[in-house]
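These are my notebook entries on what I looked up. The structure comes before the notes.

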Amino acid sequence: MEYTVDGKTIPADEEGYITNLSDWSPELAQVIAESEEIEMDDERWEVVNFLREYYEEYQIAPAVRVLIKAIKKKMGPEKGNNKYMYELFPYGPAKQACKIAGLPKPTGCV
Amino acid sequence: MSDVKKFLYVNRKAPYGTIYALESLEVVLIGAAFEQDVALAFLDDGVFQLTKSQETDGIGCKNFSPTFRALGDYDVTRLYVERESLEERGLTEDDLQEIMYEDEDDDWAEKPSICVISRAEMADVMAEQDVILSF
Amino acid sequence: MSTLHTVNKSPYMTQSLVSCLNHCKEGDAVLMIEDGIYGGLAGGQMAPIVEEMGKKVSLYVLTPDMAARGVDSSRLLEGIEGVDYTGFVELVTKHDRTQAWL
């Protein structure tokens with residue numbers, strides 16, 4: 001699989017996770033989100049940016065349970081819960097949001 | 001699940017010369033989803049996994065040492081390190097990176113995850129497990 | 001409550017056997033497999049250490065691994081017992097947990 005941003009080709013694996021983490025840009029995130037049929041708004045950007053920060057610090061994409069707990073701690077229980085997160089990313093907050101954030105698939109996801 | 005077992009992951013290899021250390025960490029992260037009672041042990045060359053200031057850009061390997069600091073998020077809050085193994089290698093606890101976890105039951109107070117114990121205590125820890133996974 | 005320890009490397013190559021012996025409790029068993037069987041040889045530098053531990057723990061070697069390496073049971077330290085694969089399984093079931101020293 002691959003994405004095209006400003007005429008540039010960005011390689012990705014068969015599930016749509018980009019191959020080189022350094023290829024990521026906010027513009028690419030928009031393109032990945034479109035292919036996932038997700039419209040990026042402030043709430044979704046908040047999660048995507050959070051994931052990128054988490055990866056920067058710990059070098060892993062967190063499991064969904066860990067992500068929700070961390071969001072709860074940082075942004076409060078009205079955002080750190082399953083319902084809110086699955087409304088933003090219906091096919092799985094960790095899986096889908098990680099893809100948009102340009103991170104590898106969370107460890108433990110199959 | 002009520003049937004919680006005690007799991008100990010025993011790490012005895014240095015971080016980058018073989019794949020053992022990284023594999024162990026990945027198994028720990030995956031296994032954390034099963035909500036068992038998980039602890040990690042570091043002895044022999046395994047203590048080298050926790051040293052500070054690892055920088056792997058020059059060898060083209062992923063630096064997974066920061067990932068140990070995420071273990072608290074996965075409810076893995078006990079990292080036993082064997083004192084004799086440190087001493088035999090000329091290391092002290094100060095050579096290890098600081099790894100903290102937030103205690104949910106204590107108003108998210110930050111507490112250290114690393115616990116340096118003697119060889120005899122390590123043998124006791126091993127003897128109280130249900131399952132030991134070696135790397 | 002006891003542990004079966006397995007060691008699969010020669011003690012002349014790695015510290016695994018020594019480290020294993022250092023963490024054994026009274027009543028544990030140590031089974032030497034693969035290249036670990038060289039730890040059972042009489043006459044080597046390791047022999048006194050292993051012999052001493054034999055007083056505290058039960059020592060076993062896996063006989064197919066010995067045969068493969070041309071090591072006859074007459075070369076083993078006294079008190080070390082040979083087991084086949086069935087004996088290996090029996091040891092696993094007899095103890096509360098198994099710990100591999102890689």
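**Entry 1: a loop in chain B.** I began with Asp44(B), which lies in the loop between strand S2 (37–42) and strand S3 (79–82) of chain B. Helices (H or I, at least four residues) and strands (E, at least two) are DSSP runs, numbered from the N terminus. The model is predicted: local features need pLDDT of at least 70, side-chain atom pairs count only at pLDDT 80 or more, and totals for chains, interfaces and linings use all residues. Residues are numbered from 1 along each chain as its sequence is written, chains are lettered from A and ligands numbered from 1 in the order in which they are written, and side-chain values use heavy atoms, with hydrogens and water left out.

I looked up phi for Asp44(B) and found a value near 50 degrees, positive in a residue other than glycine. Most residues other than glycine have a negative phi. Is Asp44(B) buried or exposed? Asp44(B) counts as buried because its relative accessibility is 6%. Buried means under 20% relative accessible area, exposed over 50%, and partly exposed in between (1.4 Å probe, protein chains only).

Ser53(B) is found in the loop between S2 and S3 of chain B. I noted a positive phi for Ser53(B), near 60 degrees. Ser53(B) has 73% relative accessibility and therefore counts as exposed.

**Entry 2: two helices in chain A.** I then turned to helix H2 (residues 42–58) and helix H5 (residues 93–101) of chain A. Their axes are 9 Å apart and the packing angle is about 75 degrees. Axes are lines fitted to C-alpha atoms, for helices over the stretch in contact, and angles run from 0 to 180 degrees between N-to-C directions. H2(A) and H5(A) are therefore roughly perpendicular to each other, a term for angles of 65 to 115 degrees.

Which residues meet? From H2(A), Val47(A), Val48(A), Leu51(A) and Arg52(A) meet Ala97(A), Cys98(A), Ile100(A) and Ala101(A) of H5(A). Contact means heavy atoms within 4.5 Å.

**Entry 3: charges over rings.** I looked up Arg52(A) again and found that Arg52(A) lies over the face of Trp24(A), 3.7 Å from the ring centre. In chain B, Lys13(B) lies over the face of Tyr20(B), at 4.7 Å from the ring centre. A charge sits over a ring if NZ of Lys or CZ of Arg is within 6 Å of the ring centre and within 35 degrees of the ring normal.

**Entry 4: chains.** Of the two pairs of chains in contact, I noted that chains A and B share the most contacts. No contact joins chain A and chain C, and their closest C-alpha atoms lie 24 Å apart.

Note on methods: Angles under 35 degrees count as roughly parallel, over 145 as roughly antiparallel, 65 to 115 as roughly perpendicular and the rest as oblique.
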